[in-house]
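These are my notebook entries, written while I looked through a structure step by step. I put down what I looked up and what I found.

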Amino acid sequence: MLRLPDFTYIRPRTLAEAAGVLQELGTEAMAVAGGTDVYPKMKRGQFTPRYLVSLSHVEEHRGIRREDGRGLWIGAGETLTAVAGHANVRREFPALAAAAGLVSTLQLRNAGTIGGNLFVDTRCNYYDQSFFWRQAVGFCLKKDGDICLVAPKSRVCLAICSSDTAPVLSSLNAEAVLVGARGSRQVPLETLYRDDGIDYLAKRPDELLQGVWLPEASFGWRNVYLKLRRRGSFDFPVLGVAAALRVGATGTCEAARIVLTAVASAPKVVEDAPRVLCGKPVDGAAIEEAAELAMRVSHPLDNADMDYWYRKRMTRVFVTRALRQLADAGAATAGPDAALV
Amino acid sequence: MKKNGFSVIGKPLPRIDGPAKCAGDTRYADDMVLPRMLFSRLLRSPHPHALVHGVSARRALELPGVHAVITGADVPTKFGIMPSTQDEEALAVDKVRYVGDPVAAVAAVSEDVAQEALGLIDVDYQVLDPILSIEGALAAEDHRIHTWNRRANIQKAVSFEFGDVDAGFAEADEVFEGTYFFQGNTHLPMEQYCALATYTPDGKLTLWSSTQTPHYVHRALSRVLDLPMGHIRVVATPVGGGFGGKSDPFSHEIAVAKLAMITGRPVKITLNREESFYVHRGRHPVKMWMRTGVKRDGTLTGMWFRSFLDGGGYSSYGLATVYYTGALQTVTYELPAYKFEGVRVFTNKPPCGPKRGHGTPQPRFAMEVQLDEIAEKLGLDPVEMRLKQVVAPDSVTVNGLRVSTIGLRECIEKVAVRSGWKDKHRALPDGHGIGFAASSYISGAGLPIYWNDMPHSGVQLRADRGGGVTVFCGSTDIGQGSDSILAFAVAEELGLRPEDVRVVTADTDLTPVDLGSYSSRVTVMTGNAAIQACGNLKERLFEVASEVLEVPADDLEMEEGQVRSRSLPDRGLAFAECVERAETRFGTLGATGSYRPPRHPGDYKGAGVGPTPSYSYSAAVVELQCDGDTGEIRIDKVWIAHDCGRAFNPLWVQGQVEGSVYMALGEVLMEEQIFRKSGVHKIPSILEYKSPTTLETPPIETILVETDDPEGPFGAKEAGQGPLLPVIPAVSNAVFDAVGVRIHEIPITPDKILRALDQRLKDPAVPDFAFPTPIRWTPGQGVEVPQKS
């Protein structure tokens, strides 16, 4: 097997301490939580840190709890298995339970954290390869090279956002709490993503995710996540559709959010979706229009499994199916534990 | 057979290697550690096609911990599995022919140092244009990958005409044509390649390797290292999956052997997953064209089949593969006239070779899909159409293959009944479909890889005076259960319990030659050799027992640990006591047995591929759902019936059948060994090379059909490869039943379904190529040879 290079392992006890270490060591250090993405990438020479700052001895980014008036807190250090199985998450945010439960395999979900999935490195078939392979093909912008091999004219890296949970939490207006060397801050999660395959997170390198708030205002939204991938057993998304609707008592859609994953370097918010969905019932015509809009802003490239035209075409199919499920959810008498996915 | 039937054959008893595997006690090659052991890594070419003007190891040798670096100049002798196409070098001498082609090998104190040293080896490459397609290979007449072959980039072109093909088509009411493409795929065994060599001061070399063919590795080492075979010992360690991918002698085996000779220390190499995609030797990508003539009732009047094989950078088993793409079309349905033309080209990609079904799944896919289309166009039930023309037992096909027992009719009938075929075909709701196909495979190649008249398999038996028995055989257990086959065959013959039989296999110092675990040959050949060895041992045991028990020797049988009289069952002698008395009389007790397959009638040049002791038969029905919006296929269930002659052990046969179905579903739905325009493998990882897991595997209903083949040990035929074959076309035929589109390409991916539904999916194009003048042959020219050898 590929060998894991030597590194120094640092075990801080608090996020502030970890952030301090990261700031001090600069680009030679990386944070590691579950390690399911970091270690394989070190073996392939994609990540070359001399120091790993482990978050596994930190307590303050753990816990999933409901706080009246504030919403649902999900600690970034919780495993994907814990998130997917949490009763509160399953009841209120089945889309999140589904997304967390669809990441990779059970073994990796037991190790991997929700924080790791939210900030997971962007992926590309030219980048997620061994050193030997990348040398044979020619190195790319994202690591060791100076051109994008997906689109040689592109000035930015086109590696794709491959998080399942980021689109869901974005669709539900989640807030992220970051702890850095210079203190902590709370921002809308959506604002942390940049459409740049290399510099894909709008945060300082020393800032660590403590957790996310699903705000009180997001409770009661119907929500769903649908994922396209080759195998049901594992695989990163090659398309993900997170849809969330607030539907009034009369059946009128009051608020709508559709966020796509794996079609750009950041989760892609379908900006025009509320315009065509809100103020009326979620019916066939509205769904069709929203799906068409989503497909128009979906720009998969030839750097992941399955043809890019196919993934683009599936955007319409998946958005249609997601919205239909949400529309039908009102008609059905769903029990408290009924997951939509 | 004994008076009371079989004692262990046919019973679902566990395998002898089961406990160790379950307990994690099986020692694979990479588990081995020897004192003073060094570690090796191979430097591989990053270019698909380049001249190598020089390799300098100077900087690498200066790295502390590096003990030796070898290059092509150290091991320049060419080798290869087939004697007539020895075109491989352990390390490139002056040219590399695919990305991953080995150029140098390092021995160092650790894997890390060995890896670091690779970066310090300087190679002077002159990059050449790569040839990456069949069409490109045929067109590049001035640009050669190899120079030994007669026509540029053509490794082998063959052409045959059996019977009167023109008359066959003239007689037809309808003639159908189609083109097909089967994409290449790789074996993906769980265990990666690993080898460990030692060279002791007495000048003796030992190599342990995860190989399916220790005998052929033995021969290759002797040739390349210029050592007598008697000074080399090759041991095949327990193989964690082979599927054909560990059947060649390999660069890494030769490299560690040479490094051990140079350093005087044991040297181990374990390849990583990515490297296993470069070593490859997997399924050939094959383009096919097929024309079939039929009567209005579906009766076949003639068939013309063309195959174009993308061989990759070296010959490997390709010579046999190209023949296999045309050999077995004739053994399932009566075919009065048949023409076959095939060509294998070199391209700058990892060499293709044998993978489960070796060269026959591709043509079987084309043929069974075309037959389904013919049935559709003629308004016939595809099952009925085939049943009408199943080959007769004890007959000779138009290309000179002798079919002995054939359970195809029973396979087809049973699978149709169990799946509810009649009620479901063309009757399921939209998006649901059911498909059928049938096939055949060999139970071992009729000829050895190098020409000789010696046995294909040898067994030695040693009877211990304490009553223990040890069986020695060169066969290699690659997970298919061949060690257990030996233990059970001997236990059955000698009336012992399988757990009382010790099995020593796959060690060229200790065991007689068996050619290896390929071509589904092991059960039939080692089983027969073991039975013969037992017979020879029994002769002496019976001679002694007959005197003691005062009954004639021909009245004796061995059962329940005793030698006893059939007519007077109370007269018996414990096995151990019988062995003691026999040893007293004859001295040390041992016996040998061997097996060589019977000859087939075909006597034309090229008739060596296709003959076998017996053909296995399979029939499959696949029921699936196909989503018209996404093109996604969900397999609901697979029913498969397999004529295994006799279920030597129904549990093991079922395991082989299910494994074959699983592998077939991977090939038909997703697996692809594909390359970028630069010639680099697109997805050489177990994450991105999409292969199904157990979670994607549907329910499989296995139906075993027994024909008691006279050539088989206890009547057995093969079971490890044949059941893969019908599943692939059955899926394609079920897709048509579900959504009304014909997919002539493997794998059948969701995007292809959508393109077909949009009427944008074109049939594969096949190249123009002038095949050689055909060799003509008709049955009756050959000599009929009695089957039972």
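Predicted model: local features only at pLDDT ≥ 70, side-chain atom pairs only at ≥ 80, totals over all residues.

**Entry 1: a buried residue in a loop**

Before looking at any single residue I noted the cut-off for burial: a residue is buried if 20 or more other C-beta atoms lie within 10 Å of its own, exposed if 12 or fewer, and partly exposed in between.

I then looked up A:Leu172, which sits in the loop between α9 (165-171) and β6 (175-180) of chain A. Is A:Leu172 buried or exposed? I found 26 C-beta neighbours inside 10 Å, so A:Leu172 counts as buried. When I set aside the neighbours within four places in sequence, I found A:Leu172 in contact with A:Phe93, A:Leu214, A:Ser218, A:Trp221, A:Asn223 and A:Ala244. I also checked A:Val89, which is 83 residues away from A:Leu172 along the chain, and the C-alpha atoms of the two are separated by 12 Å.

**Entry 2: chain A as a whole**

I went on to chain A, where I noted twelve helices and twelve strands. The C-alpha trace of chain A spans about 60 × 45 × 35 Å along its principal axes. I looked up the radius of gyration, which is 20 Å for chain A, and this agrees with the value near 20 Å that a compact globule of 341 residues would have. Of the 341 residues in chain A, 54% count as buried. Among the contacts in chain A with a separation of 6 or more, 66% come from residues 24 or more positions apart.

**Entry 3**

I followed three strands of chain A that form an open sheet in the order β1-β3-β2, with parallel pairing. Which strands stand at the edges? They are β1 (8-10) and β2 (29-32) of chain A, and each has a single partner strand, so one side of each is left without a neighbour in the sheet. From one strand to the next the twist averages 25°.

Looking at one pair in detail, I saw that β2(A) and strand β3 (residues 51-54) of chain A are joined in the parallel sense over four bridges. One residue I traced here was A:Val32, whose bridge partner in β3(A) is A:Ser54. Helix α1 (residues 15-25) of chain A packs on this sheet and touches β1, β2 and β3 of chain A, and its direction makes about 155° with that of β2(A).

**Entry 4: chain B as a whole**

In chain B I noted 19 helices and 30 strands. The radius of gyration of chain B is 27 Å, close to the 28 Å that the globule rule gives for 789 residues, so chain B is as compact as a globular protein of that length. Taken along the principal axes, the C-alpha atoms of chain B fill a box of roughly 80 × 75 × 50 Å. Buried residues make up 60% of the 789 residues in chain B. Of the contacts in chain B between residues at least 6 apart in sequence, 81% join residues at least 24 apart.

**Entry 5: where the chains touch, and the core**

I looked up the contact between the chains, which takes 20 residues from chain A and 25 residues from chain B. On the chain A side, α8 (131-137) and α12 (308-331) each supply at least two residues, and α8(A) gives the most, with five residues. By class, this side of chain A has ten nonpolar, five polar and five charged residues.

In soluble globular proteins, nonpolar side chains tend to be buried together. With that in mind I looked up the largest nonpolar core, which has 351 residues, and in which A:Ala290, B:Val490 and B:Val727 touch the most other members. Helix α15 (residues 522-549) of chain B contributes the largest share of this core, 13 residues. Leaving aside neighbours within four places in sequence, I found B:Val727 in contact with residues including B:Ala620, B:Val622 and B:Leu665.

**Entry 6: backbone exceptions**

Most residues other than glycine have a negative phi, and most peptide bonds are trans. I noted A:Met306, which has a positive phi of about 75° although it is not a glycine, in the loop between α11 (284-297) and α12 of chain A. With 19 C-beta neighbours inside 10 Å, A:Met306 counts as partly exposed. B:Ser519 also has a positive phi, of about 55°, but B:Ser519 counts as buried because it has 29 C-beta neighbours inside 10 Å. Last, I found a cis peptide bond between B:Ile746 and B:Pro747, with omega about 5°.

Note on methods. Residues numbered from 1 in each chain as written. Chains lettered and ligands numbered in written order. Rg over C-alpha atoms; globule rule 2.2 N^0.38 Å. Contact = placed C-beta atoms within 7 Å. Nonpolar A, V, L, I, M, F, W, Y, C, P; charged D, E, K, R; others polar. Core = buried A, V, L, I, M, F, W, Y, C linked by C-beta atoms within 7 Å. Pairing = 2+ DSSP bridges. Axes fitted to C-alpha atoms, helices over the stretch in contact; angles between N-to-C directions.
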